[in-house]
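Welcome! Take a look at the sequence and the structure first.

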Amino acid sequence: MKSLKIFSSFDIRIIAIITMIIDHIGYFFYYALENNEYDILRSIGRISMPLFAFLIYQGYKHTKDLKQYIIRVLKFAIITQVLVIIVGTIINLIDNTYGINFYREPNILFSFSISLLYLVILDNIIKTNNVKKIFINILLILILFSLYIILDIEYGFIIPFFITILFLYDKIKYKKALIFSSCVLFLILFGESIMKYSLFAIIPIYLYNGKKGFSNKKLFYYFYPVQYILFMIIGFMFYKI
């Protein structure tokens, strides 16, 4: 079975980027697509989020400077959000009928930033037997999770769900039972929406070989805001034609 482990972290990152681009094609060019075409593109796009969550978790496990890692993710979250608001404001001033909500919830990088802090707290809980410290850490988790409700962060609690599964997979004995029960729970929660297609991300994750592959730490961080802004502009330009 080891021969099946063919994907490095870089390979999974590329798959995540490709499926994200497919998702954004559907999102920003909705007006040029039939309903079934739109649904297909957005369904394929659901695969990207769990893959990025997986990579964030791998980064958490292997980074040499966790503080700088969290700051880097948060920095690009803020940069992306500011750029989206600026470009979205300009687009709406030109024509506000495009139909894309540029002022929607904080982007996915904010959720990844919170998830990294969440992982730190989970590790603290496991490492201590002090009831008081456990209680304080649980309270901190509740505060972090309240941000999802207050700020309405993109994907909501779905990303912490995947992060928790990845964390438990490394920590508990009954891994197959965990994966099976998690999939069943996810289908119960999201079986009526395209979000259920996120489960297909299990395939490349299962084929992960534990190797880094080609290393370019900032590839996604720069690529994410750049491609998003380009899709906003190009999608709007074709809409106006």
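At 15% relative accessibility, glutamine 81 counts as buried (under 20% relative accessible area; over 50% is exposed and in between is partly exposed, with a 1.4 Å probe and protein chains only). This is a predicted model, where local features need pLDDT of at least 70, side-chain atom pairs count only at pLDDT 80 or more, and totals for chains, interfaces and linings use all residues. Residues are numbered from 1 along each chain as its sequence is written, and side-chain values use heavy atoms, leaving out hydrogens and water.

**Around glutamine 81**
- Glutamine 81 sits in helix α4.
- Leaving aside residues up to four places away in sequence, glutamine 81 touches Arg104, Glu105, Pro106, Asn107 and Phe110 (contact means heavy atoms within 4.5 Å).

**Helices α3 and α4**
- Helix α3 (residues 48-62) packs against helix α4 (residues 66-94) at an angle of about 150°, and their axes are 9 Å apart.
- That makes α3 roughly antiparallel to α4 (angles over 145 degrees count as roughly antiparallel, under 35 as roughly parallel).
- On the α3 side, Leu55, Ile56, Gly59 and Tyr60 meet Leu66, Tyr69 and Val73 of α4.

**Helices α1 and α10**
- Helix α1 (residues 9-28) and helix α10 (residues 219-240) pack at about 15°, with axes 10 Å apart.
- So α1 is roughly parallel to α10.
- Among the residues that meet here are Phe10 and Ile14 in α1, and Phe220 and Tyr224 in α10.

Methods
Axes are lines fitted to C-alpha atoms, for helices over the stretch in contact, and angles run from 0 to 180 degrees between N-to-C directions. Helices (H or I, at least four residues) and strands (E, at least two) are DSSP runs, numbered from the N terminus. Angles under 35 degrees count as roughly parallel, over 145 as roughly antiparallel, 65 to 115 as roughly perpendicular and the rest as oblique.
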